[in-house]
Amino acid sequence: MPDTPFIQDGSNSGMLDDLCWPDDDLTRIPDWIYTSKAILERERERIFLGKCWNYVALEAEFDEIGSFKRSYVGDVPVIVTRNDEDEWKVFENRCAHRGVEFCRESRGKAKEFICPYHHWTYDISGKLIAVPFRRGDKGKGGMPEDFNMEEYNPRQFRVARRNGVVFATLSDATETLEEYLGPETLEQFDVVFSGRELKVLGYYRNRLSGNWKLYHENLKDPYHATLLHVYLATFRLMVAGQKSAMICDAVGRHATAASAKDDSIEIDDRMVDEMKGAFRVGMDLNDEDFTRYVPEFDSPWTVTMSTIWPNLIVQRELNTLGIRHIVPRGPHALDMYWTMFGYVGDTEEMTKHRMKQGNLMGPSGYLGVDDNEAIKFLQDGFKRSIPSEGVVKLDPEKEGGTDTLISEASIRSLYRHYREVMGL
Amino acid sequence: MTAPDISDMAPLLAEERGPLRLEIEDFNTEYAAVLDAQEMKRWPTFFTGDAFYRITARENFDEGLPVGLVWLEGEAMFLDRVAAIENTMVFAPRYLRHYITNVNVVGANAAGLISAEANYLVVETLMEDETKIFQAGCYKDLFVRGEDGDLKLKSRDCIYDSLLIPNDMAFPV
């Protein structure tokens, strides 16, 4: 989209050193963390390329040796491959010569990658194997004598896999994936990724008009669920008073919003009044089968939305399952890459049920649209109003996990961690 | 899923194809007008009671992957989508304009199903933004004639080229 000079974008032109968290207070979040380019650059360096495991792919997308997928670590383009030795490789999608993003196909099979510009060639493991006319032509031109191809390999990431999900980290200091997730997040992760073989059912992508952190906050904010999402309350998928929890790791960066659908809860007049406009009296679904949960998991919860720092959301809403992969696009936007999946061995009826319930989520979802719009409304606020700060005071005694929907405790734990890593 | 058998679909003679193309163009013009006006309650009336409707990315269609941003089968699901748009979904006001062109009558079969395609373009205007192209795609349709002889959609697959959706997609195409 063209940058037109008259549009306010709220970008903070000051240096990072000028930015100071208001009164060192976790219940306040300054607007500049969502609008500053300098902040985003530090996030790239310290978070995405720092001591974090980033989601890059599902193994189910690589049906054979030699398969590859374009992906991202933060906003850095990478290629994920399964090489001839059946090893998993993740390396930067950038030619060492002039910077060309040389792999252009979303997914496919390859023996090698040839940069189209000057045909520098990389093998499937990401090693530079050929530089045309390295010795020149007829004694003229060519690379200097001391040119060493090994010094020009793309940056390699370390890879960790768990039950079909592929992660990458650039740092040698990142702990094991299991330590990184922590037992609380691992337990929820393993419900969906239990070792059952996954089957990819399709992809969506959308560009959200908001800072990437707002997506994490949205799912760490159960308070909005029964208010913004009129659909959830009206059709009894989630109402205040039903069994629900925010399950956090000890560090406070990951969280799982969990809830169990409970058809026995009476919505009385007091609750309708408290929910203001968020409950539509007298609406029923024409297709009652739509919200039916087919039991398939060893879990007390019918919905778990896990935010795995920094770039992964695992969606389990009834029987619709999906990966959401966050790719920041400047301070004011993020691209969301959705990979919807089921399991190998699903009956045709089960696949159809997953497709039907897919209407809940995604860029056209009954719930998805609400969140995408709310995130845009937030960013519009940061961009257009006088820079200020937000308030996250709900459930003041807690930080991290909690057992009420009316809480912002896990947003606060995230920002405690974030501030440490970012030095803010 | 429960796709109807169209293995005996055969091309039509030119003299049959011409009038049918005009009839489908009229159908699509009215369909676009209803969407432009956001008269959502009228939208399901273009479909049979057992119709299938899906909006999906071209990459899914090309790879035979089943997901849809919107995936509806049967009138009840259409009515629930309309009810959600009108009553529960939260989104900023917008104007959408639909341009449906290049109607191609692919063929017909013994059961009376007509296979047709068309290109579509949706232009979106948010209240304080510039007008932009929201989505380019094509319809792959199966029409049938109702008891009154009018065309109805038995199936409409909306396959979009614009893989990266700007923010979200509140309305069907």
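Three bridges, written 3 bridges in the count, join strand β12 (residues 198-208) of chain A to β7(B), and the two strands run parallel. Strands pair here if DSSP finds at least two bridges between them, and helices (H or I, at least four residues) and strands (E, at least two) are DSSP runs numbered from the N terminus. This is a predicted model, in which local features need pLDDT of at least 70 and side-chain atom pairs count only at pLDDT 80 or more, while totals for chains, interfaces and linings use all residues. Residues are numbered from 1 along each chain as its sequence is written, and chains are lettered from A and ligands numbered from 1 in the order in which they are written.

**Where the chains meet**

- In the pairing of β12(A) with β7(B), N206(A) stands opposite I165(B).
- Across the interface, 33 residues of chain B are in contact with 39 residues of chain A; contact means that the C-beta atoms, placed from the backbone, lie within 7 Å.
- On the chain B side, β1 (47-57), α2 (58-63), β2 (70-73), α3 (75-88) and β7 (164-166) each supply at least two residues.
- Of these elements, α3(B) gives the largest share, 8 residues.
- By class, the chain B side that touches chain A has 24 nonpolar, 6 polar and 3 charged residues. Ala, Val, Leu, Ile, Met, Phe, Trp, Tyr, Cys and Pro count as nonpolar, Asp, Glu, Lys and Arg as charged, and the others, Gly among them, as polar.

**Two domains in chain A**

- Chain A is divided into domain 1 (54-161) and domain 2 (183-422), with bounds that come from an automatic or database domain assignment.
- The domain centres, taken over C-alpha atoms, are separated by 36 Å.
- Contacts link 8 residues of domain 1 with 13 residues of domain 2.
- Strand β2 (residues 54-58) of chain A makes the largest contribution to the domain 1 side, 3 residues.
- That domain 1 side has 4 nonpolar, 2 polar and 2 charged residues.

**A bent helix**

- Helix α3 (residues 177-192) of chain A spans only 17 Å between its end C-alpha atoms, whereas a straight helix of 16 residues would span 22 Å at 1.5 Å a residue. The expected span is 1.5 Å times one less than the number of residues.
- α3(A) bends by about 95 degrees at P183(A), the bend being the angle between axes fitted to the seven residues ending there and the seven starting there.
- Buried residues of α3(A) include Y180(A), L181(A) and F189(A). Buried means 20 or more other C-beta atoms within 10 Å of a residue's own, exposed means 12 or fewer, and partly exposed is in between, with C-beta atoms placed from the backbone.
- Their cover includes β13 (244-248), β14 (255-259) and β15 (303-308) of chain A.

**Strand β17(A) and its partners**

- β17(A) is mostly covered, with 9 of its 9 residues buried.
- β16(A) and β17(A) run antiparallel, joined by 6 bridges, and L312(A) stands opposite H325(A).
- 8 bridges join β17(A) to strand β18 (residues 334-343) of chain A, also antiparallel; here H325(A) has Y337(A) as its bridge partner.
- L318(A) takes a positive phi near 55 degrees in the hairpin of β16(A) and β17(A), which has 2 residues between the strands.
- G330(A) takes a positive phi near 75 degrees in the hairpin of β17(A) and β18(A), which has 5 residues between the strands.

How values were computed:
Two residues are in contact if their C-beta atoms, placed from the backbone, lie within 7 Å.
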